[in-house]
Amino acid sequence: MFKKVLIGIIIGSVILSAIFYCQYYYDTYIDKDETIITGINSNITSLASKNISNEIVVTNGQNRDLLLKQYDTKTKKWKTTKTYKLNNKPKQNIKIEYPNNWKKTNSTKWKIEIKEGKTVLPYQSKKIDINTTNRQELSLEAKSAIIMEYETGQIYYQKDIDKKRSIASTTKIMTCLVAIENSNLNDKVRISSEAVTTHLSRLRGVGDQVKLKDLLYDAMLSSDNGAAVAIAQHTGKTLKGFSKMVNKRIQEIELKNTRFTNPAGFTADYHYSTAKDLATFTRVAYSNKTLRKIVKTPSYSFTTLRKHNSYQCNNTNKLLKEIPGVTGMKTGTTYAAGKCFICTYTHNKKTYITVVLGSSENGRWKDTRKLIDYINKYC
């Protein structure tokens, strides 16, 4: 009998505790209005020469303090950098102005906090990332240029990176990646008359057969237009079919300012890209082990399968042997595009992609060296 009474007392105590807790939780949280903030830009990339501000709308400010906090990487703590006094209006517009601390480093983390009020809940934003570019301005001949980190896609330097431009033979990065993804390296490719007669083709012997792998080296190292045509015809059955494949891949990567119409990079109204899009595509291409191996090769030779013609391919990337850490990628030249160069460079165990478009012959190498110096100094 005593045991039953004791059990009843315990159960009753548990039930009463649960009731009191639920009432406390309701009074503390559920019965309070929510603090809402809209318009926060959580991912900001800005030139160091600019100032950053963000217009936000606060609902239920209730005369509290809005705190702008920066994460201190040394102390590993959040530090309040600015305080904004909110009013009692249902909605209030606030212009957040970020202190210039963000200009001193490549990336900083921030957040917005509002403490709990009598009738409103507390608020804490998601992490706000600010990425700083152009901590030093460079005198470049190129019309467009960019430094992008391979792993993260973070931009460290930019010059007119969203301007659509002709891209010449940097196109062949797209051509070769799509071929590798959709064909076998040991495929035997028949050389068509179009591949032989295309402008600046190195191929000879209509009807000859070449391994796809050999054509990839020829296209990427020697920048052979004929090899690019042969690769496209084999992979897409027709040049038009191949263009559809590449444009589909471009859409998958979500490149909004890039269009592909031919595998060699000939100037055309609907064949273009931007420095930013090219760097983004190069991130995808460089993740392919086969292509990464090809672009770091100084020279390569092969013999065709049927007519036994021999070819020597020398890499047009002159920085490959001159600068330690350079691991690829591709040159490009047309009258409309000027001299172009995409480069992959490793520094402090990280890989960076540089793009220069619309430069001169000497300019593209000087520009790239300046971008590499920037990486060495600031990254």
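I take two strands as paired if DSSP finds at least two bridges between them. With that in hand I opened the model, which is a predicted one.

**Entry 1**

I looked up β17 (residues 338–347) and β18 (residues 350–359) and found 8 bridges joining them, with the two strands running antiparallel.

**Entry 2**

Next I wanted the strand order. I read it as β11-β10-β18-β17-β16, an open sheet of 5 strands with antiparallel pairing. Which strands stand at the edges? They are β11 (155–159) and β16 (326–334); each has a single partner strand, so one side of each is left without a neighbour in the sheet. I noted an average twist of 10 degrees from one strand to the next.

I also checked what covers these strands. Helix α10 (residues 361–378) lies across β10 (144–149), β11, β16, β17 and β18, and I have it running at about 25 degrees to β17.

**Entry 1: nonpolar cores**

I turned to the largest nonpolar core, which has 57 residues; L215, F281, L291 and V355 touch the most other members. Leaving out residues up to four places away in sequence, V355 touches S144, A145, I146, A275, L278, A279, F341, I342 and L371. There is a second, separate core of 22 residues, and I found L140, L320, Y352 and W365 included in that one.

Two facing pairs went into my notes: I56 stands opposite I94 in β6, and V58 stands opposite Q92 in β6.

Which residues of β6 (residues 91–97) are on its covered face, and which on the uncovered one? I listed Q92, I94 and I96 as covered, with K91, N93, K95 and E97 on the uncovered face.

**Entry 2: two helices crossing**

I checked helix α2 (residues 172–182) against helix α5 (residues 225–236): their axes come within 10 Å and cross at roughly 35 degrees. The crossing of α2 past α5 is left-handed. On the α2 side I have K172, T175, C176, V178, A179 and N182 making the contact, and on the α5 side N225, A228, I231 and T235. By type, the residues of this contact divide into 5 nonpolar, 4 polar and 1 charged.

How many of the 11 residues of α2 are buried? I get 9, so to speak a mostly covered helix. The buried residues are K172, I173, M174, T175, C176, L177, V178, A179 and I180.

**Entry 3: a buried aspartate**

My last stop was D218, in helix α4 (residues 212–221). Why does D218 count as buried? Its relative accessibility is 0%, and buried means under 20%. Setting aside neighbours within four places in sequence, I found D218 in contact with R202, L203, S223, D224, A227, F302 and C313. I also looked up S301, which is 83 residues from D218 along the chain; their C-alpha atoms are separated by 8.7 Å.

Methods: Residues numbered from 1 in each chain as written. Predicted model: local features only at pLDDT ≥ 70, side-chain atom pairs only at ≥ 80, totals over all residues. Heavy atoms only, no water. Helix = DSSP H or I, 4+ residues; strand = E, 2+ residues; numbered from the N terminus. Axes fitted to C-alpha atoms, helices over the stretch in contact; angles between N-to-C directions. Contact = heavy atoms within 4.5 Å. Left-handed = near helix turned anticlockwise from the far one by under 90°. Nonpolar A, V, L, I, M, F, W, Y, C, P; charged D, E, K, R; others polar. Core = buried A, V, L, I, M, F, W, Y, C linked by side-chain atoms within 4.5 Å. Buried < 20%, exposed > 50% of the residue type's maximum accessible area, 1.4 Å probe, protein only.
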